[in-house]
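Visitor: I'd like to learn how to read a few features from a set of coordinates. Could we start with aromatic rings?

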Amino acid sequence: MNEDLRIENVLDLSQTIAAGIFEGLSYPWEALPKIAAFIRQLGETLSEEEYEKTGEDIWIAKSARVAPTAYIHGPVIIGANAEVRHCAFIRGSAIVGKGCVVGNSTELKNCIIFNEAQVPHYNYIGDSILGYKAHLGAGAITSNLKSDKSMVTIPVPEGRIDTELKKFGAIVGDHVEVGCNSVLNPGTVIGRNTTVYPLSMVRGTVPKKSIYKKQGEIANKIEG
């Protein structure tokens, strides 16, 4: 088992309403097939004082700001003080955390977005998890399906981890910054506090506290 990729080493579970979905799991991507059922179960327990059920399996916090032009298809939970902007496209099976920003023309599908994460401009987040205060620059996307439609595997020093998933975009750790127009290829896992340069094509794993400049060129962050 690769310790660096374990849930607790990538994501702060205190910063999501979805912490319960990870119980009994080792790696974060193991939660992806469970999102839809988890939302339906959790939604029925949410406080009617804080959340309003606005459609079939759609729960939106009353303090959230949702543009009238946004499209939302359940099952979905949108947390307190989140902002869903003009023409956002939420296709279902999405959990949007407290204080998150889902921007104009951004598309979400089968994903968990932790509190205060931002996908503010023309992003696609599919079959992915974004950690606490993660931020994707304009046009950055997760690519969730390999061109040959084969199962997604993750390269590690010991070999490869078979995720047993055909659709799996990326796991983006807490406080990660992804530059504009970057592509996170299927099965990408980015460790906490890492920065990805704009226009990057990211594949495989990126260590925590690093700077991804391009494939094969990753520097350690210097803490000051």
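Guide: Gladly. Rings of Phe, Tyr and Trp (its six-membered ring) pair if their centres lie within 6.5 Å; planes under 30 degrees apart count as stacked, over 60 as edge-to-face and the rest as tilted. This is a predicted model, where local features need pLDDT of at least 70, side-chain atom pairs count only at pLDDT 80 or more, and totals for chains, interfaces and linings use all residues. Residues are numbered from 1 along each chain as its sequence is written, and side-chain values use heavy atoms, leaving out hydrogens and water.

Visitor: How many aromatic pairs does the structure hold?

Guide: There are four aromatic pairs. Ring pairs also join Y27, W29 and F168 into a cluster.

Visitor: Which helices and strands does the chain have?

Guide: Helices (H or I, at least four residues) and strands (E, at least two) are DSSP runs, numbered from the N terminus. The protein chain here has one helix and 25 strands.

Visitor: Is G191 buried or exposed?

Guide: Buried means under 20% relative accessible area, exposed over 50%, and partly exposed in between (1.4 Å probe, protein chains only). G191 has a relative accessible area of 9%, so G191 is buried. In the protein chain, buried residues make up 52% of the 224 residues.

Visitor: Where is G191 placed, and what does G191 touch?

Guide: G191 sits in the loop between strand 20 (188-190) and strand 21 (195-196). Contact means heavy atoms within 4.5 Å. Not counting residues up to four places away in sequence, G191 touches G173, V176, V206, P207 and K208.
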